[in-house]
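Subject: Structure for you to look at

Hello,

Please find the structure below. My notes on what was found in it follow.

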Amino acid sequence: MKYRKTPLKKIIIPILIGLVFISATQEQKKRKKISEIKRLVKEINADQEYEIIKKHYKGILLSGYFKNGELKKIVADTHSFIGRYITEYFFFSGKLIFIYNYDKAFEINEKTQEPDSSRISRILETRTYIKNDKILEFKFRGNSHHDDEDIDISDAYKFARQLRN
């Protein structure tokens, strides 16, 4: 019996096509999940009928937005000597689905070398899409280094507990 060699191209090309197809399908599924999260966040932001509970927690002003007893959104607002940091956490059915972070820094007055709170420059804006407590996608804009490894979703649940107590 004679053994015939199959050309490597005949094996590799179908495998590569399969991998590209799987990757494209996974990307489509991810895009669909992100679109759904965007729709939910838009609905949460559009609603004006919330019971708002405010509490201070370790120097952070927490504002919890509740609808029929269910937490929909938390705004964590932190002021410091050099800036202001706002993080919004969005929930659906008790699960974190989105984090929006907007950090501003005060420009330094060249004469006094002190921060000038009347002159604010945006330095960082992030959007984090989450499904089942896993980051689906992280988007960053600004002039400071930041990556999804810096995201701690446990803060959202810690703040939620504080607002419910």
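**The second largest pocket**

The lining of the second largest pocket is made up of Lys33, Glu36, Ile37, Leu40, Phe92, Ser93, Lys95, Leu96, Ile97, Ile130, Lys131 and Asn132. Please keep in mind that this is a predicted model. The space in the second largest pocket comes to about 210 Å³. By type, the residues of its lining are six nonpolar, two polar and four charged.

Which elements supply at least two residues each of this lining? They are α1 (8-46), β5 (95-108) and β6 (115-131). The largest share, four residues, is from α1.

In soluble globular proteins, nonpolar side chains tend to be buried together. The largest nonpolar core here has 17 residues, and the ones that touch the most other members are Leu62, Ile74, Tyr89, Phe91, Leu96 and Phe159. At least two residues of this core come from each of β2, β3 (70-79), β4 (83-92), β5 and α2 (154-164). With four residues, α2 gives the most to this core. There is also a second, separate core of 11 residues, with Ile44, Tyr50, Ile97 and Tyr100 among them.

**Phe159 and its ring partners**

Apart from neighbours within four places in sequence, Phe159 has contacts with Tyr57, Ile60, Leu62, Ile74, Ala76 and Tyr89.

How many aromatic pairs does the structure hold? There are seven. One of them is the edge-to-face pair of Tyr57 and Phe159, at 6.0 Å centre to centre and with 75 degrees between the planes. Tyr57 is in strand β1 (residues 51-57) and Phe159 in helix α2, so this pair ties together parts 102 residues apart in sequence. Tyr57 and Phe159 are both buried.

The pair of Tyr89 and Phe159 is edge-to-face because the ring centres are 5.8 Å apart and the planes stand at 70 degrees, where an angle over 60 counts as edge-to-face. Since Tyr89 lies in strand β4 and Phe159 in helix α2, the parts tied together by this pair are 70 residues apart in sequence. Tyr89 is buried, as is Phe159. Through ring pairs, Tyr57, Tyr89 and Phe159 are linked into a cluster.

**Ser63**

Ser63 is located in strand β2 (residues 60-67). Is Ser63 buried or exposed? Its relative accessibility is 6%, so Ser63 counts as buried. Not counting residues up to four places away in sequence, Ser63 touches Ile52, Ile53, Lys54, Lys73, Ile74, Val75 and Leu163.

Regards

Conventions. Residues are numbered from 1 along each chain as its sequence is written. This is a predicted model: local features need pLDDT of at least 70, side-chain atom pairs count only at pLDDT 80 or more; totals for chains, interfaces and linings use all residues. Side-chain values use heavy atoms; hydrogens and water are left out. Buried means under 20% relative accessible area, exposed over 50%, partly exposed in between (1.4 Å probe, protein chains only). Contact means heavy atoms within 4.5 Å. On a 1 Å grid over the protein atoms alone, a cavity is a set of points where a 1.4 Å probe fits but cannot get out, and a pocket is an open set with protein on both sides within 12 Å along at least five of seven lines; lining residues have an atom within 4 Å of a point. Grid points are joined across faces, edges and corners, and a volume is the space filled by probe spheres set on the points. Ala, Val, Leu, Ile, Met, Phe, Trp, Tyr, Cys and Pro count as nonpolar, Asp, Glu, Lys and Arg as charged, and the others, Gly among them, as polar. A nonpolar core is a set of buried Ala, Val, Leu, Ile, Met, Phe, Trp, Tyr and Cys residues joined through side-chain atoms within 4.5 Å. Rings of Phe, Tyr and Trp (its six-membered ring) pair if their centres lie within 6.5 Å; planes under 30 degrees apart count as stacked, over 60 as edge-to-face and the rest as tilted.
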